[in-house]
Amino acid sequence: MAKVHGESKLTFLESTSIIIGHGVGSGILSVPFLASRNNWHDIIWIAAVAYCMNLLLHFMIAELSLNNNGAQFIKCFENELFVGKLKMACTWLAFGLLGFSVVVNVSGFITGAAAVFSAWFHLPSVVGMLLFYVLAASVVYIGMKLVGICEKIAVISMFGVIGILFVATMLSETTELSTKFYSNNNMLALYSMIAFSLSAVMSVPQVVKGLEGDEKGIRKAIAAGTGLNMGLILLITFMTLLGCSNVTENGALVDLSGHLGGWVSIIGYVFSLLALATSFWANTLNLRDIVNEQTKWGEKISWLAATVPCLVIALVGVQSFVGFTRMASVVQVLTGVGVIVAYNRSRKRAGTSLICGRLGSLPFQILAVAASLVASVGAVLTVTV
C-alpha cells in the first residue's frame with residue numbers, strides 16, 4: 001500500500017459520502033427534467049452505460065492521483081502531461097478552465113438552494129443565496145474532516161428522506177411514464193447529465209488522501225459511492241416522473257414537493273437542501289485544494305478564492321439551475337480526455353497498476369476517452385421538449 005499523507009484521515013463511510021456528495025446536488029436534481037423528455041425504457045440502459053464508464057474513469061483518476069502522492073489532477077497534469085516551454089502556460093490554462101467550470105457549477109447549487117428557500121419560506125432570491133452560502137461555506141472553512149463528517153450525516157439523512165418521499169409519491173396521484181421517442185439529441189443530453197451527476201473527478205483525490213493510499217479501500221469507496229449515487233438518481237428520477245405531470249428546470253424535488261403539497265413538501269425541500277449542501281461542500285473543498293496547490297496561498301485564502309466567485313455569479317444570475325449544470329458539465333467532462341492521457345503516462349512511469357489492473361489498459365483508456373467525448377457533445381445539444 002502506498003502511504004499518502006493528506007489533511008485528515010477519513011473513514012470508509014466518510015470517503016464514500018464525499019463521492020456521493022460531489023454529484024448528488026447538481027445533476028441528480030436536473031436529470032429528471034431531461035429524463036421527462038425521453039422514453040423511460042431508454043433511461044435504464046443509458047444510466048447503466050453511464051455508471052460503467054464513470055466507474056472506469058474514476059478508477060483511473062484514483063490511480064493517477066495515487067501515483068502523484070494524492071495530488072488533484074491539475075497538479076497531475078503539470079507532472080505528467082505538460083512538457084516543454086508551454087508547460088506553465090498549459091497548466092494555468094487548465095487551472096482556469098477547471099476553476100471556471102467548478103465556480104459555475106457551484107453557482108448552480110446556490111441558485112437551486114435559493115429556489116428552495118423561495119418556495120418554502122417565500123424568501124427573496126438574494127436572501128436565500130446569501131443564507132445558503134453562509135451556512136454551507138462555513139463547513140468548508142473548517143476543513144476536510146468536518147466536510148467528511150457532514151457529508152456522512154447528510155447522505156444518511158437523504159436516504160431516510162427519500163424513503164418518506166417514495167411512500168408519499170406512491171400514495172398520491174401518479175402520472176404515466178412516457179414511452180414516446182423524442183430525439184437522439186435528448187438521449188445524448190440525458191447521458192451527458194447522468195455522467196455529470198455521477199462525476200466525482202475532483203473528490204477522488206480527497207478519497208485517495210483521506211484513506212492514505214489504501215488501494216482496496218479506494219476502489220470500494222469509489223464503487224460504493226458511485227453505485228449509491230446511481231441508485232439515488234434512478235429513484236428520484238422515477239419518483240419525479242410519476243409524481244409530476246410537468247417537470248421544470250428548477251430542480252426535480254422542488255417540482256415534486258410542490259405537487260405533493262402539505263407537510264410532505266417540506267421533506268422534499270429538506271432533501272434538496274441536503275443534496276445541494278453536500279455538492280457545495282465537496283466541490284468547493286476540491287477547488288480550495290486546487291487553488292492552494294497552484295498558488296500556495298494557504299487554505300483560508302484559497303477557501304475565499306474558491307467560494308466567493310460562486311456567490312457573485314449566482315447573485316448576478318446567468319441561467320436556470322439546469323442551464324448552470326449543463327454549462328459546467330462541458331468543461332468537466334472534457335477534462336476527462338486530459339486525465340486519460342496523463343494516466344497513460346503515469347501508468348507507464350509507475351510500471352504497475354495498483355487500482356485499475358487490466359481495466360487501465362489502452363483499450364479501456366480509449367473507451368473512457370470516447371465516453372467523455374460523447375458526454376461533452378450531449379451537454380451542448382438542444383433538447384426537444
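Entry 1. Lys152. I started with its accessibility: at 24% relative accessibility, Lys152 counts as partly exposed. The value falls between the 20% and 50% cut-offs, so neither "buried" nor "exposed" applies. I note here that the model is predicted.

Next I looked for a charged partner. Lys152 forms a salt bridge with Glu14, and the closest N and O atoms are 3.8 Å apart. I placed both ends: Lys152 sits in helix α7, residues 144-171, and Glu14 in helix α1, so this pair ties together parts that are 138 residues apart in sequence. Glu14 has a relative accessible area of 3%, so I logged it as buried.

Entry 2. Other salt bridges. How many salt bridges does a search of the whole structure find? I get 7.

Glu212 lies in the loop between α9 (204-210) and α10 (215-243), while Lys9 lies in the segment before α1 (12-24), so the pair ties together parts that are 203 residues apart in sequence. Is Glu212 buried or exposed? I find 18% relative accessibility, which is under the 20% cut-off, so Glu212 counts as buried.

Another joins the side chains of Asp289 and Arg288, at 2.7 Å from N to O. I looked up the cover on both. Asp289 is buried, at 8% relative accessibility. Arg288 is buried too, at 1%.

I then asked about shared partners. Which residues do salt bridges with shared partners join into one network? I find Glu14, Lys145 and Lys152. That takes me back to the residue of Entry 1.

Entry 3. Thr284. I moved on to helix α12, where Thr284 is found. Thr284 is at 1% relative accessibility, so I logged this residue as buried. What does its side chain reach at 2.6 Å? I find the backbone oxygen of Phe280. I then set aside the neighbours within four places in sequence. The contacts left for Thr284 are Val106, Val140, Ala306 and Thr307.

Entry 4. Trp263. I stayed in helix α12, which covers residues 262-295 and holds Trp263. Is Trp263 buried or exposed? At 59% relative accessibility, over the 50% cut-off, Trp263 counts as exposed. I also checked one separation. Trp263 and Gly225 are 38 residues apart in sequence, and their C-alpha atoms are 30 Å apart in space.

Entry 5. The whole protein. I counted 15 helices and 0 strands. I took the box along the principal axes: the C-alpha atoms fill roughly 60 × 40 × 35 Å. Why do I call the fold consistent with a compact globule? With 385 residues, such a globule would have a radius of gyration near 21 Å, and the protein has 20 Å, which agrees.

Next came cover and surface. Of the 385 residues, 59% count as buried. The protein exposes about 14,400 Å², and carbon and sulfur atoms supply 69% of that area.

Last, I looked up sequence separation in the contacts. I kept contacts between residues at least 6 apart in sequence, and 84% of these join residues at least 24 apart.

Note on methods: Residues are numbered from 1 along each chain as its sequence is written. This is a predicted model: local features need pLDDT of at least 70, side-chain atom pairs count only at pLDDT 80 or more; totals for chains, interfaces and linings use all residues. Side-chain values use heavy atoms; hydrogens and water are left out. Helices (H or I, at least four residues) and strands (E, at least two) are DSSP runs, numbered from the N terminus. Buried means under 20% relative accessible area, exposed over 50%, partly exposed in between (1.4 Å probe, protein chains only). A salt bridge is a side-chain nitrogen of Lys or Arg within 4 Å of a carboxyl oxygen of Asp or Glu. A polar contact is a pair of N or O atoms within 3.5 Å; within protein, one must be able to donate a hydrogen and the other to accept it, and residues adjacent in sequence count only if both atoms are side-chain atoms. Contact means heavy atoms within 4.5 Å. The radius of gyration is taken over C-alpha atoms; the globule rule is 2.2 Å times the number of residues to the power 0.38. Accessible areas come from the Shrake-Rupley method with a 1.4 Å probe; for residues, only the protein chains shown count as cover.
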